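Dear colleague,

I am handing over the structure we spoke about, and it is shown just below. My notes on what was found in it follow, written for someone who has not seen it before.

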Amino acid sequence: MRSVLARLGLKRKREDPSLLQRTKDDEVDYYAPWRSGTKGDGTAPQLNGARYFSFQELKQCTNNFSENNEIGEGGYGKVYKGYCSNGVIVAIRRAKKGYSWGRKEFESEIEVLSRVHHKNIVSLLGFCLEQGEQALVYEYISKGTLRDNLAGKGGMHLDWKKRLEIALDSARGLAYLHELAYPLIIHRFVKPSNILLDENLNAKVTNFGLSKLVSEEQTGNISSQGKGILAHVESENFAGTIGYIAPEYLQTGLLSEKSDVYSFGVVMLELITARQGCEIGTDECFLVKEVKRAIDQNDTVYYGLRDMIDSKIVNQLRNAGLRDFVQLALECVEYSASDRPSMYDIMRRLDIILQHDEGERTNSY
């Protein structure tokens, strides 16, 4: 067990009690820097891990936000590729005119990403807040979103082994947020468009504007079985994407780390089918319903999902790995949050599935 954990870069809380120890110095006001400020107007503090960029700097490194530098667009505005004077390539998410990120959402992303550092979480390099401009500056991730890659955009081919690795990478990042970050973090916006792939197709979780920081009081006790955050956290603002939202959050507005687990289960099903988790005009996850309806326990090869599996990988699947992967995904999308596994358990089981898949490939040659 320890060797698996070491390879994944995580430790169980029960194996490192110091992770649970908090001193009075840790009891800080996480948003105090925004109230005090350092630029003279109370709007632009200096935070560890994220530096302040002037708007002029951002104009220079994007050639005045040239269309040639555009690499993405969302409801908030556009994303630009930028070339800093020190040679670092960055991705700049700039809010469009007339759109306000929402002060709290903007601050949340900066606060979260300036605190967490993990190879499977996108790095925030800095931010800009001046002249009516809001912008976030990230490390540049060259291969785009998982959603676009599953849709065939960009010409990348994701084979079954790579999809298993992407699932494991994403689980590692989320497990870090749930188990080791302080304060603990519920992402609440997990979906393929918020998972980026780098030049080696390693996955990194991104978009933390809607994340929920969980205080010590809200967290309560930590399970000796490594189940993560036990206490539900009431969310003051409903947020997320229909099709990826856990039933309990949709119905009651109550969050837990198991809300992220549900969303991740939908992502796992998308890795198999390349279909999206939601349909326009629906208020539930049709993909979960379709997979559950298609399951055939007597089908020892495709588990009843032959017609739903992405054609790009259908001939690469090993029946045992597929069945284990689907079963794990369905556990993640259980209706009751208490019936879902923790992200740590998901990570551990994905690692086993990947190892078995690699073993089968070796033995088949």
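Strand β4 pairs with strand β6 (residues 133–139) in the antiparallel sense, over five bridges; helices (H or I, at least four residues) and strands (E, at least two) are DSSP runs, numbered from the N terminus, and two strands pair if DSSP finds at least two bridges between them. Within this pair, Arg94 stands opposite Ala135 in β6.

Before going further, please keep in mind that this is a predicted model, in which local features need pLDDT of at least 70 and side-chain atom pairs count only at pLDDT 80 or more, while totals for chains, interfaces and linings use all residues. Residues are numbered from 1 along each chain as its sequence is written, and side-chain values use heavy atoms, with hydrogens and water left out.

The sheet

In general, strands of a sheet pair through backbone hydrogen bonds, either parallel or antiparallel. Here β1 and β5 pair in the parallel sense over two bridges, with Arg51 standing opposite Gly126 in β5. By contrast, β5 and β6 pair in the antiparallel sense over six bridges, and the bridge partner of Cys128 in β6 is Ala135. The hairpin of β5 and β6 has two residues between the strands, and in that hairpin Gln131 takes a positive phi near 55°. Strand β5 (residues 124–130) is largely enclosed by the rest of the structure, because five of its seven residues are buried; buried means under 20% relative accessible area, exposed over 50%, and partly exposed in between (1.4 Å probe, protein chains only).

An annotated residue

The UniProt annotation "binding site", which comes from an unreviewed entry, covers Lys97; UniProt positions are given in the numbering used here, feature names are shortened, and annotations may be inferred rather than shown by experiment. Lys97 lies in the loop between β4 (89–95) and α4 (103–115), and Lys97 counts as exposed because its relative accessibility is 63%.

Salt bridges

The structure holds 15 salt bridges, a salt bridge being a side-chain nitrogen of Lys or Arg within 4 Å of a carboxyl oxygen of Asp or Glu. One of them joins Arg340 to Glu248, with the closest N and O atoms 2.7 Å apart. This pair links distant parts of the chain, since Arg340 is in the loop between α11 (319–332) and α12 (343–364) whereas Glu248 is in helix α8 (residues 247–252), 92 residues apart. Both Arg340 and Glu248 are buried.

Another salt bridge is formed by the side chains of Asp345 and Arg348 (3.9 Å, N to O). Because they are three residues apart in helix α12, Asp345 and Arg348 are separated by about one helical turn. Asp345 is buried, with a relative accessible area of 9%, whereas Arg348 is partly exposed, at 24%.

The side chains of Lys312 and Asp310 also meet in a salt bridge (3.9 Å, N to O); Lys312 counts as partly exposed at 36% relative accessibility, and Asp310 as buried at 5%.

Cavities

There are two cavities of 30 Å³ or more in the structure, and the largest cavity holds about 100 Å³ of space. On a 1 Å grid over the protein atoms alone, a cavity is a set of points where a 1.4 Å probe fits but cannot get out, and lining residues have an atom within 4 Å of a point; grid points are joined across faces, edges and corners, and a volume is the space filled by probe spheres set on the points. The largest cavity is lined by 15 residues, of which Arg188, Phe189, Tyr244, Ile245 and Ser263 lie nearest its centre. Helix α9 (residues 257–273) gives the most to this lining, with three residues.

With best regards

Notes: 1 Å grid on protein atoms, 1.4 Å probe; cavity = no way out; pocket = protein on both sides within 12 Å on 5 of 7 lines; lining within 4 Å.
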